[in-house]
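Visitor: I am new to this structure and would like to learn how to read it. Could we go through it feature by feature?

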Amino acid sequence: MVLQLILLAIGLVLLVKGADWLVDGASVLAKKNNVSDLAIGLTIVAFGTSAPELVVNAVAASGNYPDIVFGNIIGSNNFNLFVILGIAGLIVPLSVQSSTVWKEIPFSLLAAIILFFLANNYFLAQSEELSRYDAIILLVLFCAFLYYVATQLKSDPEAEVVAAKDYSTLKIWGLIIIGLAGLVGGGKLVVDNAVAMAQSLGVSEKIIGLTIVAAGTSLPELATSVVAAMKRNADIAIGNIVGSNIFNILLILGASGLIRPLAYTTSFNTDIYILCIGTIFLFMAMFIGKKHRLDRWQAFVLLSSYLLYTGYLVGMES
């Protein structure tokens, strides 16, 4: 059990550092080949913070561990929304751009609702699963969201500027190769040891996915948002979280469902309900108190709600 926990932690570190190295090397390579900041920001940098979830889900889907797949994404989204925004909002009240309030937050809610209906197969007389057709729907919606982000950045060209670095060709490819190796090795360690821990503790893979794996793969978002809040850059702090939640459902679950159809456990519906309620609360918070701002008391409500939610999950297993 202790060994499994250590290996899981090593896997998470490899995931986070692997994504960091890969993004670093790939960004410099793209810069040297005159790729625009907009293109780099939309692809390489955006992929970087989602890479841990993507790799873990690819490994879990390949190994036919659907509860890890869904638990990781739904759990990561709840962790992002309740814990990371809660911590960032406690550090400093977060002012939010109008476009985030009226477009990105509702879009993230829509993504969760679409996942709910697709996974439960409400429109087809089949068992609950995320089929390859469902995965394609999610990926098409992701492309639509990516197009929206591109148009937003074009109207504000300084919103995403990638700092140029001067690396040798050897260092660039070294970072890319080591980063990819770290992601693949870390993902395998995380999935294998998460499943082993669930078996050792006598708890479901769902609980391990929703808690330990989800929190671990959200470390890049946690670091980004907390640093942004400390620097009083609220746009990055909250935009990072809302964008990540959209990426997780549309891109990562879409990609996971293409690897293999994923059986869906209906007990995840409760966790999707909580995600939707939290997203609605975030939207309503923009109009309670100071307009378009997440105040400290609202951040406290988010954070304390997650603690109650986690206690409920553990209590249901015992």
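Visitor: At roughly what angle do the axes of α4 and α9 cross, and within what distance do they come?

Guide: Two packed helices are described by the angle between their axes and the distance between those axes. In this predicted model, the axes of α4 and α9 cross at roughly 30 degrees and come within 9 Å. Angles under 35 degrees count as roughly parallel, and that makes α4 roughly parallel to α9. The crossing in which α4 passes α9 is left-handed.

Visitor: How far apart are the axes of helix α3 and helix α8, and at what angle do they pack?

Guide: Helix α3 covers residues 66–91 and helix α8 covers residues 219–230; their axes are 8 Å apart, at an angle of about 20 degrees. This makes α3 roughly parallel to α8. Here the crossing is right-handed.

Visitor: Are α1 and α6 roughly parallel or roughly antiparallel to each other?

Guide: The angle decides, and over 145 degrees counts as roughly antiparallel. The axes of helix α1 (residues 2–32) and helix α6 (residues 169–201) cross at roughly 155 degrees and come within 6 Å. α1 and α6 are therefore roughly antiparallel to each other. The contact of α1 with α6 contains 25 nonpolar, 11 polar and two charged residues. As for handedness, α1 passes α6 in a left-handed crossing.

Visitor: How many cavities of 30 Å³ or more does a search of the whole structure find?

Guide: For a cavity, look at its volume and then at its lining. The search finds one cavity of 30 Å³ or more. The volume of the largest cavity is about 50 Å³.

Visitor: Which residues line the largest cavity?

Guide: The lining is made up of L81, I105, S108, I241, V242, N245, T279 and L282. By class, five of the lining residues are nonpolar, three are polar and none is charged.

Visitor: Which helices each supply at least two residues of that lining?

Guide: They are α4 (98–120), α9 (234–259) and α10 (268–285). The largest share, three residues, comes from α9. The pair α4 and α9 was described above by its crossing of roughly 30 degrees.

Visitor: Where does UniProt place the feature "domain: Sodium/calcium exchanger membrane region"?

Guide: A record's feature can be set beside the model's own geometry. The unreviewed UniProt entry places this domain at residues 5–149 and 172–313. In the model, residues 172–313 are 82% helix and 3% strand, with end C-alpha atoms 44 Å apart.

Visitor: Where does UniProt place the feature "transmembrane region"?

Guide: The unreviewed entry gives several stretches, including residues 130–149 and 241–260. Residues 130–149 are 90% helix and 5% strand, and their end C-alpha atoms lie 26 Å apart. For residues 241–260 the span is 95% helix and 0% strand, with end C-alpha atoms 27 Å apart.

Key:
Residues numbered from 1 in each chain as written. Predicted model: local features only at pLDDT ≥ 70, side-chain atom pairs only at ≥ 80, totals over all residues. Heavy atoms only, no water. UniProt positions renumbered as here; feature names shortened; annotations may be inferred. Helix = DSSP H or I, 4+ residues; strand = E, 2+ residues; numbered from the N terminus. 1 Å grid on protein atoms, 1.4 Å probe; cavity = no way out; pocket = protein on both sides within 12 Å on 5 of 7 lines; lining within 4 Å. Points joined across faces, edges and corners; volume = space filled by probe spheres on them. Nonpolar A, V, L, I, M, F, W, Y, C, P; charged D, E, K, R; others polar. Axes fitted to C-alpha atoms, helices over the stretch in contact; angles between N-to-C directions. Parallel < 35°, antiparallel > 145°, perpendicular 65-115°, else oblique. Left-handed = near helix turned anticlockwise from the far one by under 90°.
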